[in-house]
Amino acid sequence: MPDSAPIQRTDQLDVMVELLSGLDADGVDAPQAFYDPLCEAVSRLTSMERVMLVLYEDARKLVVPAGSHGIEPELLADVFGTLDETPIAKRALAEDRVVMASDHLEREVPPRYARVLGETTLSCTPVSAGGSWLGVIFADRGGGRFELTGKERHRMWTLGKTAALAASARIATSHQARARLLDERVDLAREVHERVMQRLFGVSLVLGAERELTREERRRAGDEIQAAVGDLRSAMARPIESPPAGTGAKLRDELKRLSRHYDGAPIEISWQRDQEVPEHLEQLAQSVLAEALRNAHKHAAPTKVKVKLAGDDGLFLLEVRNDGVGQSGRGQGAGMGLRLAALDALQRGGVVEFGTLDEGVWRVRLVVPVSGEQA
Ligand SMILES: Nc1ncnc2c1ncn2[C@@H]1O[C@H](COP(=O)(O)OP(=O)(O)OP(=O)(O)O)[C@@H](O)[C@H]1O
Ligand SMILES: [Mg+2]
């Protein structure tokens with residue numbers, strides 16, 4: 001049908017424009033607001049009924065759902081996995097085309113996911129751009145066997161590219177946001193250094209004098225210390241952009257997921273708190289955990305990662321330890337992950353400590369005092 005081809009193309013272009021124009025309005029924090037409509041568009045433009053888009057998540061080293069259409073949300077909880085467990089996705093990405101499978105789905109996708117799908121033909125569309133494998137779109141007709149028309153394949157492939165475009169834009173935005181955050185924090189450190197430290201240095205000179213201080217000198221030193229404390233308070237209270245907003249997920253659920261599956265060393269969790277994580281520390285705790293896991297993967301060859309939650313109603317403690325630290329992992333890196341985490345903790349009145357313990361073990365610890373009203 002050569003005549004209708006340009007019209008179809010316009011349709012598809014309309015859908016892409018419509019989807020992409022919703023992109024920046026939603027910000028980085030609400031990926032579903034973009035990926036759900038994209039899945040809906042797959043279903044609208046093809047004969048697919050159940051559509052799900054999964055993306056690779058660096059922090060968890062896992063592929064997890066980012067959007068869906070026609071699938072009950074509870075079912076999505078069991079959808080996570082690695083590329084190695086999902087040969088159909090590997091083929092789709094390697095060949096950059098929509099691939100299909102009908103038989104032995106449990107060999108094509110993780111078995112827990114195959115169970116959810118039941119008897120069906122499954123299509124898998126690559127979400128990749130410029131050689132980066134970002135994820136895939138799974139789609140089917142809700143059960144039963146089918147073939148895709150060439151037109152459908154093309155539409156799905158195009159929507160896969162649209163998703164890839166959006167996903168790479170999001171990745172770039174979050175890198176920029178991270179750099180901006182660091183800039184702000186460096187400004188804060190500079191301000192503290194220039195104002196507070198200068199005053200304290202002046203005081204230390206006066207106090208270091210090898211003679212009795214006059215009453216006037218003592219008063220001035222006292223005033224300077226007061227002023228330094230005031231400066232420090234105002235610098236710390238200045239609203240700095242808080243760490244990126246979370247997904248609303250709880251640390252407890254996150255850990256449950258991780259202990260079930262994480263594409264790294266096995267994770268051993270020891271929950272020694274009888275309290276839940278204080279609400280205002282959820283995001284901080286999750287970002288410290290994510291950074292520690294990223295680092296364990298990046299800077300060591302661990303056989304095990306131990307995560308401990310402890311403390312009581314007055315204290316929150318999160319500790320992540322990994323073994324397998326070689327000579328390189330001596331904290332000499334020029335990275336900013338742990339430094340940012342330390343600054344985030346400081347803003348909540350807490351600290352992040354890190355370093356090697358003996359026998360090649362690395363430890364990251366977040367400790368935050370919790371007051372009664374905050375808990
Ligand atoms: N789990 C770990 N095992 C061994 N060494 C580690 C571990 N975590 C951190 N390090 C060391 O501490 C340094 C600082 O870590 P940090 O997270 O701040 O930076 P990075 O990971 O190198 O870079 P970025 O986090 O900015 O991507 C690392 O470069 C590494 O040398
Ligand atoms: Mg790091």
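A residue counts as buried here if 20 or more other C-beta atoms lie within 10 Å of its own C-beta atom. By that criterion, buried residues make up 29% of the 375 residues in the protein. The model is predicted. The protein has 12 helices and 10 strands. Of the contacts between residues at least 6 apart in sequence, 65% join residues at least 24 apart.

**Five-stranded sheet**

- An open sheet is built from five strands in the order S2-S1-S5-S4-S3, with antiparallel pairing.
- Strand S2 (62–69) and strand S3 (99–101) are the edge strands, and each pairs on one side only.
- On average, neighbouring strands of this sheet are turned by 25° against each other, direction ignored.
- Seven bridges connect strand S4 (residues 122–129) with strand S5 (residues 132–140) in the antiparallel sense.
- Ala129 has Ser132 in S5 as its bridge partner.
- In general, strands of a sheet pair through backbone hydrogen bonds, either parallel or antiparallel.

**Helices lying across the sheet**

- Helix H5 (residues 87–95) lies across S3, S4 and S5, and runs at about 45° to S4.
- Helix H8 (residues 150–207) lies across strand S1 (50–57), S4 and S5, and runs at about 40° to S4.
- Ala89, Ala92 and Leu93 are the buried residues named in H5. These residues lie on the same side of H5 because they cover an arc of only 95° around the axis.
- An α-helix has 3.6 residues a turn, so residues three or four places apart point the same way.
- S3, S4 and S5 are among the elements that cover the buried residues of H5.
- Ala94 and Glu95, on the other side of H5, are exposed.
- Asp96 follows H5 and has a positive phi, near 50°.

**Helix H1 and Met16**

- Helix H1 (residues 5–21) contains Met16.
- Met16 is partly exposed because 18 other C-beta atoms lie within 10 Å, whereas a buried residue needs 20 or more.
- Met16 and Thr158 are 142 residues apart along the chain, and their C-alpha atoms are separated by 8.8 Å.

**Nonpolar cores**

- The largest nonpolar core has 43 residues, of which Leu38, Val42, Leu53, Ile137 and Ala163 touch the most other members.
- Leaving aside residues up to four places away in sequence, Leu53 touches Tyr35, Leu38, Cys39, Ala66, Gly67, Ser68, Val127, Gly135, Ile137 and Ala163.
- A second, separate core has 29 residues, including Leu293, Val307, Ala345 and Trp362.
- In soluble globular proteins, nonpolar side chains tend to be buried together.

- Strand S7 (residues 305–312) and S8 run antiparallel and are joined by eight bridges.
- S7 and S8 form a hairpin, with two residues between them.
- Val305 stands opposite Asn322 in S8.
- S8 and strand S10 (residues 361–369) also run antiparallel, joined by eight bridges.
- Arg321 stands opposite Arg363 in S10.
- The covered face of strand S8 (residues 315–322) holds Phe316, Leu318, Val320 and Asn322, while Leu315, Leu317, Glu319 and Arg321 form the uncovered face.
- In a regular strand the side chains alternate between the two faces of the sheet.

Terms used: Residues are numbered from 1 along each chain as its sequence is written. Chains are lettered from A and ligands numbered from 1 in the order in which they are written. This is a predicted model: local features need pLDDT of at least 70, side-chain atom pairs count only at pLDDT 80 or more; totals for chains, interfaces and linings use all residues. Helices (H or I, at least four residues) and strands (E, at least two) are DSSP runs, numbered from the N terminus. A residue is buried if 20 or more other C-beta atoms lie within 10 Å of its own, exposed if 12 or fewer, and partly exposed in between; C-beta atoms are placed from the backbone. Two strands pair if DSSP finds at least two bridges between them. Axes are lines fitted to C-alpha atoms, for helices over the stretch in contact, and angles run from 0 to 180 degrees between N-to-C directions. Two residues are in contact if their C-beta atoms, placed from the backbone, lie within 7 Å. The arc is that of the directions from the helix axis to the C-beta atoms. A nonpolar core is a set of buried Ala, Val, Leu, Ile, Met, Phe, Trp, Tyr and Cys residues joined through C-beta atoms within 7 Å.
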